[in-house]
Amino acid sequence: MEQLNAVQRVLSAALFAAEKHATQRRKGAAAEPYVNHLIEVAELVSAANPEPDTDLVIAALLHDTIEDAGVTEEELRERFGTDVAHLVVEVTDDKLLPKEERKRLQIANAPNKSARAQVIKLADKISNLRAILSSPPVDWTERRKAEYFDWAQQVVEGLATPNPALKTEFDRLVASQTRSATEPRQ
Ligand code: ZN
């Protein structure tokens with residue numbers, strides 16, 4: 001097969017992710033297609049780096065394929081190369097573990113993530129916080145939302161070298177959640 005250029009590789013990853021997550025929706029009331037989340041994370045990652053890093057953008061598009069769509073590391077390596085496959089593995093939770101343990105491990109393992117994996121982690125958390133602010137799951141109480149924000153903050157605080165622009169956006173979202181949670185309802 002002829003060598004693909006960067007744009008072709010990114011679009012091929014976007015199509016692969018869209019197909020793999022085709023039946024999945026976001027948990028919020030608006031139930032957006034899951035691919036919206038993947039494109040948002042990839043866009044954040046792309047905007048965060050002044051130097052283009054095509055593999056990192058591709059890994060952002062694919063970041064949930066192993067965890068949520070049953071794709072294997074081998075398949076990612078064959079289609080998108082070793083670098084991309086490693087990055088996705090680095091941001092993948094072990095689904096065999098109970099949810100609480102996975103959440104604890106995200107905090108414990110945050111300091112050991114590579115600089116590039118940290119960019120995906122932070123962009124993923126930004127996308128999730130935005131989703132909770134704009135379209136929270138219907139059965140989530142204010143307390144449940146606050147707990148998610150607390151946990152996300154603990155993960156992000158553990159990142160050794162968070163991207164400054166993404167960290168600023170993350171902190172802005174946390175501040176807006178704190179405000180909306182403490183302000184009396186009109
Ligand atoms: Zn994600």
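This report describes a predicted model, from its zinc site and nonpolar core to its aromatic rings and single residues.

Residues are numbered from 1 along each chain as its sequence is written, and side-chain values use heavy atoms, with hydrogens and water left out. Local features need pLDDT of at least 70, side-chain atom pairs count only at pLDDT 80 or more, and totals for chains, interfaces and linings use all residues.

## The zinc site

Four residues supply the protein donors of the zinc ion: His37 (NE2), His63 (NE2), Asp64 (OD) and Asp124 (OD). They lie 2.1 to 2.4 Å from the zinc ion. Donors are N, O and S atoms within 2.8 Å of the metal (3.2 Å for Na, K and Ca); water is not among the atoms, so sites may look incomplete. Along the chain, the donors follow the spacing H-x25-H-D-x59-D. His63 lies in the loop between H3 and H4, and Asp124 lies in helix H8, so this pair ties together parts that are 61 residues apart in sequence. Helices (H or I, at least four residues) and strands (E, at least two) are DSSP runs, numbered from the N terminus.

His63 and Asp124 are both buried. Buried means under 20% relative accessible area, exposed means over 50%, and partly exposed is in between (1.4 Å probe, protein chains only).

What is the geometry of the site? The angles among the four donor atoms run from 81 to 172°, and the site is irregular. Four donors count as tetrahedral if all angles lie between 85 and 135 degrees; four count as square planar and six as octahedral if opposite donors are over 155 degrees apart and all others between 65 and 115; anything else is irregular.

## The nonpolar core

In soluble globular proteins, nonpolar side chains tend to be buried together. Here the largest nonpolar core has 46 residues. Val45 and Leu62 have the most contacts inside it. Such a core is a set of buried Ala, Val, Leu, Ile, Met, Phe, Trp, Tyr and Cys residues joined through side-chain atoms within 4.5 Å. The elements giving two or more residues to this core are H1, H2 (34–48), H3, H5, H6, H8, H9 (142–158) and H10 (164–182). H8 gives the most, with eight residues.

Leu62 has contacts well beyond its sequence neighbours. Leaving aside residues within four places in sequence, Leu62 is in contact with Ala13, Phe16, Ala17, Leu76, Phe80, Val84 and Val88. Contact means heavy atoms within 4.5 Å. Ala13 lies in helix H1. Ala13 is buried, with a relative accessible area of 0%. Not counting residues up to four places away, Ala13 touches Ile58, Leu61, Leu62 and Phe80.

## Helix H6

Which residues of helix H6 (residues 82–90) are buried? They are Val84, Ala85, Leu87 and Val88. These four cover an arc of only 165° around the axis, which puts them on the same side of H6. The arc is that of the directions from the helix axis to the C-beta atoms. Their cover includes helices H1 (6–20), H3 (54–61), H4 (65–69), H5 (73–80) and H8 (115–134).

## Aromatic rings

The structure holds three aromatic pairs. Rings of Phe, Tyr and Trp (its six-membered ring) pair if their centres lie within 6.5 Å; planes under 30 degrees apart count as stacked, over 60 as edge-to-face and the rest as tilted. Two of the pairs are set out below.

| Pair | Type | Centre to centre | Between planes |
|---|---|---|---|
| Trp140 and Tyr148 | tilted | 6.0 Å | 45° |
| Tyr148 and Trp151 | edge-to-face | 5.3 Å | 65° |

Trp140, Tyr148 and Trp151 form one aromatic cluster. Trp140 and Tyr148 are both buried. Tyr148 has a relative accessible area of 12%. Trp151 is buried too, at 10%. Both Tyr148 and Trp151 lie in helix H9, three residues apart, about one turn of the helix.

## Partly exposed residues

Glu74 is in helix H5. Glu74 is partly exposed, with a relative accessible area of 42%. Its C-alpha atom is 41 Å from that of Ser176, 102 residues apart along the chain.

Asn36 is found in helix H2. At 41% relative accessibility, Asn36 is partly exposed.

Ala31 lies in the loop between H1 and H2. Its phi is positive, about 45°, although Ala31 is not a glycine. Ala31 is partly exposed, with a relative accessible area of 25%.
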